Amino acid sequence: MKNKILDKITKIDINIFILLLVVILTRTLIYAGYTDYSIFNDTASYMEYDANILKGEIDPFRTPVYPNILNIVEILSKSEITTYMLIIFLQEIVSIISVLVLYNILKKTFVSKISKWMTTLIYACLPAIFT
């Protein structure tokens with residue numbers, strides 16, 4: 001049993017590890033250059049979302065799950081800055097998962113290794129994707 005788990009861990013694609021390392025370092029450098037963290041136009045509408053999905057209430061302009069996740073984070077955090085930091089962290093995790101999904105899709109469709117890498121890096125390092 002232990003050997004099977006060890007085999008799976010050691011078989012992790014080194015390309016994915018290097019790719020994630022490059023993506024995280026690039027994003028860290030970009031975030032380090034930010035001096036002003038803005039709240040965007042739709043932020044207030046997400047934070048003030050009051051429809052209750054459990055009662056069948058939805059807002060036709062919002063996805064029903066994301067605002068509820070924001071509300072849970074807001075309830076669990078102690079301050080406004082903690083809320084925003086947790087939300088940013090959760091969004092970053094989801095974004096990195098999407099990079100992994102894209103890479104795995106490209107791995108099955110592109111023959112060229114450089115095409116997979118460049119396409120994934122362009123997607124992962126565009127500020128519009130992760131900010």
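Good morning. I begin with Thr83, which is buried at a relative accessible area of 4%; buried means under 20% relative accessible area, exposed over 50% and partly exposed in between, with a 1.4 Å probe and protein chains only. The model is a predicted one, in which local features need pLDDT of at least 70 and side-chain atom pairs count only at pLDDT 80 or more, while totals for chains, interfaces and linings use all residues. Residues are numbered from 1 along each chain as its sequence is written, and side-chain values use heavy atoms, leaving out hydrogens and water.

Thr83 belongs to helix α5; helices are DSSP runs of H or I with at least four residues, numbered from the N terminus. The side chain of Thr83 is joined to that of Ser77 by a polar contact of 2.4 Å, a term for a pair of N or O atoms within 3.5 Å, where within protein one must be able to donate a hydrogen and the other to accept it, and residues adjacent in sequence count only if both atoms are side-chain atoms.

I turn now to the helix pair. The axes of α4 (residues 65-76) and α5 (residues 80-109) come within 9 Å and cross at roughly 135 degrees.

Conventions. Axes fitted to C-alpha atoms, helices over the stretch in contact; angles between N-to-C directions. Helix = DSSP H or I, 4+ residues; strand = E, 2+ residues; numbered from the N terminus.
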